[in-house]
Amino acid sequence: MTVVPDVLCVEQLSKSFGALRAVDDVSLRITRGQVVGLIGASGSGKTTLLRCMTGLERHDAGYVSIEGKPFGRVSVGGVDRQQTRKEMDALRPKLGLVFQQLNLWPHLTAIENIIRPQVVVLKRSREEATAKAVQLLTTLGLSAKSSEYPYALSGGQRQRVAIARALAMDPALMLFDEPTSALDPELVGEVVALLRDLAAMGMTMVIVTHEMGFATKVSDRIVAMNAGKIIFDGKTRGADLASNRPLAGSHYT
Amino acid sequence: MSKFDPWLIVEYAPHLALGAWRTIYIVVAAFLLGYAFGIVLALLSFLPGRLPRTLLTIYSVCLRSIPFIIALFIIYYGLPFFGVRLPTIYVAIVSLAVYKSAYYAEAIRGAIVALPRGQFESARAVGMSPAQAFRHVIAPQILRGLIPPSTNLTLMLIKESSVLSSIAVAELTYQGLIMQGNTYAALEVFTAVSAVYWALCSMTAWLAHRLEARSNAPQAAAIQRNRIAARYLSFERVGK
Ligand SMILES: Nc1ncnc2c1ncn2[C@@H]1O[C@H](COP(=O)(O)OP(=O)(O)O)[C@@H](O)[C@H]1O
Ligand SMILES: [Mg+2]
């Protein structure tokens, strides 16, 4: 029997900005198919943790591994070494990050936003990349908008393009930073449905939010942060979340 | 004082044409060389650490704080001092290129910095190398932001090339001075010279305008298709 490694493993990760410990000794394992809601008040370190996990920010201590492969910092014979850029770039497509600001590329059409990274990074042929993009846009209900430029799209449509761009790389893990923050409140239901669809397809996901209600709707595990530390980690189904009050106490570790 | 005599210009048209051609030649060469310098300097200034940025600032502040004519004299009289002897026309081109590179570098750097940080990061996040991110995401976007400042700087470059007459480069202004010496008809001569500069600048501005229209074409078309998009445009997030 082969042991399936965790999709993501974070060990004792810390990151400071000057004197501020934005992420403080965080450890986290995410197994295949899990949908994790990462919650916490604004400034609790959620985005910083996400940026460290995806290698956009270099952490000060601790380790990250993706499907068992070290990412970023490695310990060789007790001595820490920062991986080279090439070593890290090889693993980046495994992490599908959907930024809070989406960061679509405004000079490319919706479909080109999805095609370009496949061709450039994964060296897929244009035909193959286009087929994949068309299929994703159709699944996400955007096929009519494929040749529009990002600013000609509504907030919800842009978000789906950003999601499609990440999904096209066949990531092992999807990470969403505050997926509802840039949207009109009436679109939240749509995002919930979309994330549930992805979960039903077996996608492993981390969804960062500061809204407890939203987190419980889309995830099957809640991880709560406060002042850079994880203060709660548990299942949502069957757990009485209201009485757990994860944000109120630090006695859950 | 004699009356304004336009026939003089016709008589001296070959001189004007020669001067105009020499000016075009110098300006194009100085633009290409200066822009290439500018790109290299701007990119180098993004190397990690504070030093590269500081060096670029010193370079550009030094050059931008002196008039072109002084920079020209320093290079023109300085090169032989270091044992370098070049034909005057090359000295002219290199001086203009070096002087303008400081301005171009700052414009290019400014256009890169103006991009939301997230653009580079989102390209890196999907696994593009920094070079690929630059080629596919950053460069196409800065190009658009670069056209207006580059046009202004290049129009200045055309006019500053007249300073080269002071080291006896036979460009347009120099030809004008010769014609004036021969005819004493300063008004006619410099009116004609002005007309040629005006034509050169207008052509440059027109070219730049065409280029800008082309680089904005997809956006313009998209706005045509979706008028509501025009309103979104002004609300586009710029990131933090
Ligand atoms: N680049 C940075 N430089 C300095 N401080 C930062 C930086 N990024 C985040 N911080 C600080 O780190 C803390 C955590 O921020 P963040 O991870 O964005 O929180 P969250 O996403 O949970 O709102 C905040 O106090 C924030 O001000
Ligand atoms: Mg955040």
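Me: A polar contact is a pair of N or O atoms within 3.5 Å (within protein, one must be able to donate a hydrogen and the other to accept it, and residues adjacent in sequence count only if both atoms are side-chain atoms). Which backbone atom lies 2.7 Å from an oxygen atom of ligand 1?

Reply: This is a predicted model, in which local features need pLDDT of at least 70 and side-chain atom pairs count only at pLDDT 80 or more, while totals for chains, interfaces and linings use all residues. Residues are numbered from 1 along each chain as its sequence is written, chains are lettered from A and ligands numbered from 1 in the order in which they are written, and side-chain values use heavy atoms, with hydrogens and water left out. The 2.7 Å distance belongs to a backbone N or O atom of A:Gly43, a backbone N or O atom of A:Ser44 lies 3.2 Å from a ligand 1 oxygen, and A:Lys46 brings a polar side-chain atom to 2.9 Å from an oxygen of ligand 1. Of the 560 Å² of accessible area that ligand 1 has on its own, the protein covers 60% (Shrake-Rupley method, 1.4 Å probe).

Me: Which elements give two or more residues to the shell around ligand 1?

Reply: They are strand 2 (20-30) and helix 1 (46-53) of chain A, where helices (H or I, at least four residues) and strands (E, at least two) are DSSP runs numbered from the N terminus. Helix 1 of chain A gives the largest share, 3 residues. A residue belongs to the shell if one of its heavy atoms lies within 4 Å of the ligand, and the residues found around ligand 1 include A:Phe17, A:Leu20, A:Ala22, A:Thr47 and A:Thr48. By class, the shell has 4 nonpolar, 6 polar and 1 charged residues; Ala, Val, Leu, Ile, Met, Phe, Trp, Tyr, Cys and Pro count as nonpolar, Asp, Glu, Lys and Arg as charged, and the others, Gly among them, as polar.

Me: Where does A:Glu67 lie?

Reply: A:Glu67 sits in the loop between strand 4 (61-66) and strand 5 (69-71) of chain A, and has a positive phi of about 45° although it is not a glycine. B:Ala168, likewise not a glycine, has a positive phi near 65°, and is found in the loop between helix 7 (130-160) and helix 8 (172-183) of chain B.
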